[in-house]
Amino acid sequence: MALQNVKLEPGDVHEFSVFNPLSSRPDTIALTTVGPEILALNGAPQEVTIIATQYASMTAHAWLDQAGNVVKEEAAFGLVLLQENQQTALAQGWQDNTPLDLVVSTAIPVHTALPYPRQLTQLRFTVNGLDEDRAFVFPPRQRYQDAVLTVTQEDVARFSTYPLPATDPAFRAELEPTPFLQSRHPKIMAQAQRIVRAEDDVRQAVQLLLDWTHQALEQVPTVSVPTALAVLETRTGDCNEHAVLFTTLARAVGIPPRVVVGVVYLERTFYYHAWSEVWLGQWVAGDPIFYQFPADAAHIKFLAGGPEKHLALLKIIGRIGIDIVDYQ
């Protein structure tokens, strides 16, 4: 609607303010006119205009007909959406009701099998498809040397402990509530206290919270942008819901935690996954889904942050490959 009656000339840039529901604040979307093109649509050539959309550090493309309708779009995960009539669409061969499985279609297959991946203590690998292969360096767990990334499972003997709640101002951001991690909501705070009770040792409290989250939530595939309060009420969800609720409960009792997203290995494939980290003198990975603390070295971290940060994954998904060098 914003571009109605606007003549789109190549190179023109139009900026609009939009509400970002993930960050709960205004954001800016920029539309750049790339130029005209002839597109075959429903068996006939049609003159269209290509628009590039820049939003949240990502770029997508849309093809507009003369009436301003989107007739083609390059969407996330490498998907291309094309407007077609029913007859043409069915003629392409997708005539059943099988849904598109984004978990499978965005997974990263590898040539090397990892026996007993949940017991892995170290994994060395290379990443291809990125301009900067050091993007996944998160020491001390993930390090980079000689063009190889190494994930090393944390050593329990090196963990620090301290009484709760944590008071170090360096972790103020990790202890604050967010629109998705409502750690100061009365229901969240009450549930967190029921779990940890009088325990004030951070290591013991982390284990209690992990135990409860793993046992209390039913593992159900879910397509949503979860909030901790909603997950607490439904008690269902996949890795995102588990990570969000565990992280929020930890914040509610004064443990500095954060949500982590990346990939995890299962049967010659790395699948996109979410887990958590808590501060014990270093950031330690914990996975409520796999019931691991610390998480095994077959968890490769891509970024840290709540659901409001996960749009950044669209720059990675479907574009990278992983080659395993060796493992322990």
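Reply: A residue is called buried when its relative accessible area is under 20%, exposed when it is over 50%, and partly exposed in between (1.4 Å probe, protein chains only). The model is predicted, so local features need pLDDT of at least 70 and side-chain atom pairs count only at pLDDT 80 or more, while totals for chains, interfaces and linings use all residues. Residues are numbered from 1 along each chain as its sequence is written, and side-chain values use heavy atoms, with hydrogens and water left out.

Me: Is Asp296, which meets Arg118 in a salt bridge, buried or exposed?

Reply: A salt bridge is a side-chain nitrogen of Lys or Arg within 4 Å of a carboxyl oxygen of Asp or Glu, and the side chains of Asp296 and Arg118 meet in one at 2.6 Å, N to O. The two residues are 178 residues apart, so this pair links distant parts of the chain. Arg118 is partly exposed, with a relative accessible area of 24%. Asp296 has a relative accessibility of 0%, and therefore counts as buried.

Me: Which helices and which strand do the buried residues of H5 pack against?

Reply: Helix H5 covers residues 202–216, and its buried residues include Leu209, Leu210 and Trp212. Contact means heavy atoms within 4.5 Å. The buried residues of H5 pack against helices H4, H6 and H7 and strand E14.

Me: In which strand does Asp326, the salt-bridge partner of Arg124, lie?

Reply: The side chains of Arg124 and Asp326 meet at 2.8 Å, N to O. Arg124 lies in strand E8, 202 residues away from its partner, and Asp326 lies in strand E17.

Me: Is Arg184 buried or exposed?

Reply: Arg184 forms a salt bridge with Glu176, the closest N and O atoms being 3.1 Å apart. Glu176 is partly exposed, with a relative accessible area of 32%. Arg184 has a relative accessibility of 51%, so Arg184 counts as exposed.

Methods:
Helices (H or I, at least four residues) and strands (E, at least two) are DSSP runs, numbered from the N terminus. The expected span of a helix is 1.5 Å times one less than its number of residues.
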